[in-house]
2 protein chains.
Amino acid sequence: MRLPAKLWSLTATEVLTLTERDLVSVEDYAKALLSHAGSRDGVVEAWQYLDPDLVLSQARALDRVPRDQRGRLHGVAIAVKDIMDTKDMPTEYGSALYWGNRPSADASLVEILRRAGALIVGKTTTTEFTVLNSGPSTTNPHDPNRTPGGSSAGSAAAVADFHVPLSLGTQTGGSVIRPASYTGTYAMKPTYNTVFGGGIKVASLEFDTIGYFARSIDDLKLVTEVISVTAEEPVEEAALNQVKIGFVKSPFWPSAGPGTVAAMAKAAEILRRHGVAVIEDVEFPDAFSDATTLARMFGVVFAADAAVAFYRDYLMDTDKTKLDPRIRAFVDDAPKNSRSDVRQAFDYYAALRPVLDEIAGRYSALMTPSAIDEAPLGLGDMGSPAFNSVWTAAHMPVIHVPAFVGPNGMPVGLSLVARRYDDQRLLSIAKVLSKPLMSEGGWQIRS
Amino acid sequence: MRLPAKLWSLTATEVLTLTERDLVSVEDYAKALLSHAGSRDGVVEAWQYLDPDLVLSQARALDRVPRDQRGRLHGVAIAVKDIMDTKDMPTEYGSALYWGNRPSADASLVEILRRAGALIVGKTTTTEFTVLNSGPSTTNPHDPNRTPGGSSAGSAAAVADFHVPLSLGTQTGGSVIRPASYTGTYAMKPTYNTVFGGGIKVASLEFDTIGYFARSIDDLKLVTEVISVTAEEPVEEAALNQVKIGFVKSPFWPSAGPGTVAAMAKAAEILRRHGVAVIEDVEFPDAFSDATTLARMFGVVFAADAAVAFYRDYLMDTDKTKLDPRIRAFVDDAPKNSRSDVRQAFDYYAALRPVLDEIAGRYSALMTPSAIDEAPLGLGDMGSPAFNSVWTAAHMPVIHVPAFVGPNGMPVGLSLVARRYDDQRLLSIAKVLSKPLMSEGGWQIRS
């Protein structure tokens with residue numbers, strides 16, 4: 001057997017077929033990744049922290065693990081958003097207040113991945129506490145003049161640019177799915193709180209959800225199975241002619257740009273041609289159909305949560321020089337939050353959850369935009385989560401499929417959405433749907 | 001002025017009047033507390049960790065803080081439930097898996113209190129991860145043959161037994177209010193997620209709420225104002241003849257014992273006699289009036305959350321000897337949790353919240369039992385959270401008033417409950433109501 005010349009270009013699932021048979025050592029694999037990342041990161045700047053010596057020593061330690069004691073992710077390289085604690089690397093939350101911060105323990109998610117044999121490569125860039133809309137110098141691997149999206153900027157860029165096959169992010173509004181769309185990778189945001197957030201910096205306890213970037217659905221499935229305690233029984237893949245799609249333009253459709261409008265139309269056309277049984281337009285019910293109200297309610301919950309989550313940081317910033325004024329404002333403005341508005345906003349999204357579940361339950365999956373359009377030019381605007389926030393707030397699992405190309409040659413993808421806790425079912429449907437979409441949509445994940 | 005002979009018996013508010021005028025040093029106050037606690041803890045066993053030298057060195061450091069830089073809680077002694085991280089003491093979560101665990105940072109709440117000048121005295125006992133119903137050898141200060149209640153056993157006992165004026169606990173079902181009732185202290189569980197839980201071991205992300213024990217309402221108010229970013233404007237105290245009480249026996253009333261039945265009747269009688277304008281019986285609406293359903297739904301959410309929260313611990317317990325089998329079972333049984341049951345249970349309590357808020361909004365406060373009855377005999381059964389869980393799950397603020405005495409001479413209290421985010425209003429009403437209740441109810445907080 002000839003080994004692939006570009007080891008760094010493989011998906012996690014592909015690498016495992018080599019390392020499982022000892023055709024490639026974890027050390028050699030790590031060297032290939034580090035060499036590729038090193039050649040590229042001057043432009044992309046995906047990494048907040050990457051110590052090649054630490055990576056290689058971890059890789060050698062993994063190579064020494066006896067074969068019968070190796071985990072399901074043995075040697076799989078994973079990048080970690082720098083808001084997740086790591087016991088052997090700094091964790092700075094994108095904040096000057098935490099420069100050089102060294103937690104003593106891994107975040108729960110990081111530790112679970114390590115126990116499965118993952119090689120934690122380094123920490124990827126984030127905006128300050130994930131809540132600002134600019135900050136990192138990370139660029140889009142497909143055009144250095146464009147943003148990779150935020151807040152999980154480095155995690156998206158590192159996977160899109162083949163530095164690692166997998167990376168971890170978090171999403172409060174659209175911080176995973178949007179950068180996945182901008183950088184042309186797959187990504188998944190599982191059902192809320194099916195993966196524990198311990199050791200991960202919180203912005204909104206009600207909305208924060210972990211997520212992960214990959215270059216294949218199989219890799220998303222692999223990670224999901226390792227980290228989820230609540231994984232259901234495997235779901236068989238449906239035939240396309242049994243699939244029913246709910247086509248959700250969503251109340252935010254008027255903001256969709258030409259790339260997204262074209263992607264939605266092309267997706268429907270491809271799927272119809274491939275014999276998908278039903279593609280039906282789905283509207284939000286009247287009580288939840290006003291985009292302004294949806295956005296305002298999201299903002300009220302977020303502001304209430306952020307003030308609580310950042311209060312310690314606010315107090316620690318004694319000379320008021322380290323936190324961005326917009327972070328400090330969450331605390332300063334908290335007394336102005338009307339209590340009845342806050343109650344109403346929490347209850348609004350709580351009431352929306354069963355409504356959207358019921359709608360999603362009528363279909364194999366919902367299909368909806370992942371972003372307004374292609375990645376914006378410049379690094380000062382990391383894009384809008386308009387199309388993502390409602391699904392995050394609804395706690396529903398979302399998979400991004402990077403199938404299309406916008407007017408400027410940049411990737412544009414779509415979101416597939418399922419009921420809460422139907423993550424395995426969503427993975428299965430996403431695999432079925434992504435085949436025709438990826439082969440005919442126009443975007444190719446190519447090294 | 002003569003100094004009190006029993007410094008250790010003062011409330012925090014009382015101690016502050018002395019330390020603020022330098023009539024007592026923090027060191028002398030700490031010595032008085034340590035001496036009293038030392039004389040008592042052989043019986044009570046409230047402490048998981050207490051290092052007198054560390055306490056005294058912290059006290060001396062506080063004494064050196066210039067007067068104009070002192071915080072609002074300068075020198076106030078606080079005990080911390082041993083599921084909250086402390087940077088200078090072990091944090092063991094009541095679990096053999098974490099024996100000797102030394103976090104590198106304080107829990108957010110602990111750090112906020114330290115920044116306000118609090119003297120963190122030590123760590124108080126808890127059941128394993130707060131979820132078991134026995135474990136610590138802590139006894140009830142009023143009868144060593146009885147439980148202090150759980151899971152915040154040590155925090156309740158330490159305040160009730162005058163080792164400290166204030167202590168921190170957490171409540172997922174009834175782990176603060178129930179031990180407060182059993183030990184005859186005041187306690188408060190604020191509105192859910194108005195105080196950040198970072199650095200505190202999680203059992204249920206949906207239900208876990210911090211709480212605190214004290215020996216006066218003023219002390220509860222003091223802590224609330226220091227730790228809450230969302231404190232509203234102060235609320236004026238109402239006259240008793242303007243107060244309207246909603247008297248909630250709750251769907252769990254059939255389980256109430258003679259002590260609780262008598263306490264509820266006596267409360268109504270005292271308040272009527274003191275001119276409270278309205279005391280009205282309030283029923284739960286039909287959709288939420290079945291105790292079995294309420295308890296089952298609570299259990300479904302809790303099981304789903306606990307499996308996620310404990311998954312890392314489960315994996316760390318490689319030889320399956322350190323976690324209690326009942327903790328391991330949350331993870332082992334997770335695949336059996338029906339996804340539709342889990343969705344339904346989360347939505348059930350989400351739908352209950354605005355319903356109970358609306359009811360509570362009609363009254364100055366709701367009044368409802370805090371526990372089934374007096375503290376049970378023995379340490380093997382720490383009591384039932386039956387009367388507490390619904391309010392915790394509803395995310396509403398609760399204050400326990402320890403006003404009554406049961407058939408065996410043990411304390412029995414009542415809960416006052418308000419709408420979410422009406423914490424300041426609840427504190428104000430609790431102060432007004434507790435005066436006649438405490439003076440005529442029969443239970444006295446006496447050293």
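1. Let me start where the two chains meet: A:Arg343, A:Asp347, A:Ala350, A:Arg353, A:Pro354 and A:Asp357 of α12(A) touch B:Arg343, B:Asp347, B:Ala350, B:Arg353, B:Pro354 and B:Asp357 of α12(B), where contact means heavy atoms within 4.5 Å. This set divides into 4 nonpolar, no polar and 8 charged residues; Ala, Val, Leu, Ile, Met, Phe, Trp, Tyr, Cys and Pro count as nonpolar, Asp, Glu, Lys and Arg as charged, and the others, Gly among them, as polar.

2. A quick word on conventions: this is a predicted model, in which local features need pLDDT of at least 70 and side-chain atom pairs count only at pLDDT 80 or more, while totals for chains, interfaces and linings use all residues. Residues are numbered from 1 along each chain as its sequence is written, chains are lettered from A and ligands numbered from 1 in the order in which they are written, and side-chain values use heavy atoms, with hydrogens and water left out.

3. Back to that helix pair: α12 spans residues 339-361 in chain A and residues 339-361 in chain B, and the two pack at about 145° with axes 10 Å apart. Axes are lines fitted to C-alpha atoms, for helices over the stretch in contact, and angles run from 0 to 180 degrees between N-to-C directions. Their crossing is left-handed, meaning that the near helix is turned anticlockwise from the far one by less than a right angle (clockwise would be right-handed). Helices (H or I, at least four residues) and strands (E, at least two) are DSSP runs, numbered from the N terminus.

4. Within chain B, α2 (residues 26-44) and α3 (residues 52-63) have axes that come within 8 Å and cross at roughly 155°. The crossing here is right-handed. By class, the contact holds 8 nonpolar, no polar and 4 charged residues.

5. β9(A) runs parallel to β7(A) (residues 244-247), joined by 3 bridges, and antiparallel to β11(A) (residues 411-417), joined by 4 bridges.

Terms used:
Two strands pair if DSSP finds at least two bridges between them.
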